Amino acid sequence: MSTSRLARHWLITWILVGLLMLGGVAGAILWHPVMRAVGAEVTGAPTTIPPSVLMPPPEPSATSTAEGGPVGEPPAAEAGALPSRADVEQRLNTLDITELIEGADALQLAYDVVDTETGEVVASRDASSLLIPASNTKLLSVTAVMHAMDRQARFPTRVVQPNDRSIVLVGGGDPMLTTEPTSGYPRQASLQELATSTAAALQEAGITSVSLGFDASWFSDPGWNESWPANYRDQVTQVSALWVDEGREPTGGRSRTPALSAATAFAAQMTAAGITVTGEPVAAPAAGEEIARVESPPLHVLAEQMMLRSNNSFAEVLGLQLAGATGHPTTFAGSVAAIEEQLRELSLWTEGAVLRDASGLSRSNLVSAEMLARTVRRAVDDPSLSLILDGLPVAGVTGTLASRFSDDISRPARGVAKAKTGTLTRVSSLAGTTITADGRHLSYAFLTNGSSDGWAARVWADQGVGVITSCGC
């Protein structure tokens with residue numbers, strides 16, 4: 001056999017092997033042109049193989065939909081019946097709370113579990129009792145913010161020019177403003193971008209030296225809630241309409257004068273950009289023509305990030321933005337008044353409830369399990385509030401829930417339930433959503449006040465969610 005014929009022989013052999021491996025339609029499509037190319041096609045033979053030979057049509061399926069859906073398509077899954085309230089409550093009430101009681105200071109337990117489709121109560125215990133919710137206050141705050149405000153709203157940081165000799169840095173309440181540009185999601189505005197734009201505008205006007213003022217008057221409170229103890233300064237920044245890096249100093253501590261710190265950083269950046277800044281930055285009114293600005297990410301991103309990070313400072317800033325947007329003073333009192341106003345409009349407010357801040361750091365906050373469970377249900381039903389759910393950690397998988405739901409009772413909720421946590425001394429709360437074994441979508445809230453065993457309080461809530469998730473098993 002000649003070398004060329006041998007080569008052709010092996011080429012055809014390997015092509016056939018390849019086609020056998022490819023199989024199906026791909027092989028049928030490739031067979032004809034390849035065989036013709038190597039000279040192995042039989043003259044007068046059909047040029048194609050009927051598809052019905054290669055892939056016979058599927059047999060009609062007994063599971064075709066009654067509505068005339070595509071043959072072979074299974075019917076849409078339907079949620080099962082609601083679990084018996086008496087059965088669920090009996091299971092929840094038999095959870096071991098021995099460790100919660102030991103060392104407890106007037107232990108209070110409350111829960112509310114609601115079917116999100118019908119609003120029917122699946123289980124309840126002291127659901128209208130007013131307890132400290134800790135960080136679950138953020139669920140109420142973000143619901144109010146997203147109900148009242150434009151989800152695309154952005155908050156500017158501006159530079160205005162009163163005259164040829166001075167400029168003023170004006171804060172608009174951007175909680176995510178950074179000193180230097182950052183990468184990744186979300187894209188945050190930076191002071192460096194603002195300095196570059198400002199320097200270019202001044203140089204174009206022939207100005208190379210200015211004094212610098214700063215204005216943080218959009219928020220009118222001094223920035224520290226009177227219901228917060230001083231040792232919370234590691235949990236929340238002195239709230240300001242003008243800060244960078246959430247008011248954190250390069251050393252990592254939180255500034256007591258975040259607006260001045262931001263202005264000082266801006267002055268250094270202006271100097272590096274070729275503009276001499278005379279003297280020290282001083283507070284000044286925001287008067288004059290705007291010459292540069294940067295803007296925050298849209299509100300819905302800020303709210304999402306606040307929930308994902310459970311960020312106390314962000315929550316307070318958004319509460320103050322809500323106050324300003326709804327005609328209230330931009331103070332802590334105005335913030336909580338605006339939140340209450342929106343929750344009443346949504347029929348989510350429990351009479352007697354008390355809010356002193358937007359973040360949940362205050363031990364003066366008092367809300368009910370019913371309020372929280374129904375707020376979560378509202379987020380399930382209202383697409384404009386869905387980001388609230390997007391920001392919740394997944395049980396046993398992500399965020400503050402990653403290391404939880406590990407015992408036999410709570411384990412059914414792993415990877416299924418989502419929840420916001422809340423923790424203060426002798427306070428624990430958990431509120432979110434889950435799907436039962438029968439496909440019912442539930443919202444829930446579990447709260448404990450008074451127990452000295454924080455670990456036991458978390459386990460009780462986790463096991464409660466495990467119980468309701470396993471309903472229908």
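Thr-179 is buried, as its relative accessible area is 18% (buried means under 20% relative accessible area, exposed over 50% and partly exposed in between, with a 1.4 Å probe and protein chains only). The model is a predicted one, in which local features need pLDDT of at least 70 and side-chain atom pairs count only at pLDDT 80 or more, while totals for chains, interfaces and linings use all residues. Residues are numbered from 1 along each chain as its sequence is written, and side-chain values use heavy atoms, with hydrogens and water left out.

Thr-179 is found in the loop between strand 4 (166-170) and helix 7 (191-204); helices (H or I, at least four residues) and strands (E, at least two) are DSSP runs numbered from the N terminus. Once neighbours within four places in sequence are set aside, the residues in contact with Thr-179 include Ser-190, Val-244, Asp-245 and Gln-269 (contact means heavy atoms within 4.5 Å).

Turning to the aromatic residues, the whole structure holds six aromatic pairs (rings of Phe, Tyr and Trp, the last by its six-membered ring, with centres within 6.5 Å; planes under 30 degrees apart count as stacked, over 60 as edge-to-face and the rest as tilted). One of them joins Tyr-111 and Trp-460, whose ring centres are 6.4 Å apart with planes at 45°, so this pair is tilted. Tyr-111 belongs to strand 1 (residues 108-115) and Trp-460 to helix 14 (residues 454-469), and the two are 349 residues apart. Both Tyr-111 and Trp-460 are buried. For Trp-228 and Phe-332, the ring centres are 5.4 Å apart and the planes are at 70°, so the pair is edge-to-face. Trp-228 and Phe-332 are likewise both buried. A single aromatic cluster is formed by Tyr-111, Tyr-444, Phe-446 and Trp-460.

Charged side chains come next. The structure has 14 salt bridges (a side-chain nitrogen of Lys or Arg within 4 Å of a carboxyl oxygen of Asp or Glu). In one of these, Glu-246 is bridged to Arg-254, with the closest N and O atoms 3.0 Å apart, and both Glu-246 and Arg-254 are buried. Another links Glu-340 to Arg-344 at 2.9 Å, N to O; these two residues lie four apart in helix 11, about one turn of the helix. Glu-340 is partly exposed at 26% relative accessibility, and Arg-344 is partly exposed at 37%.
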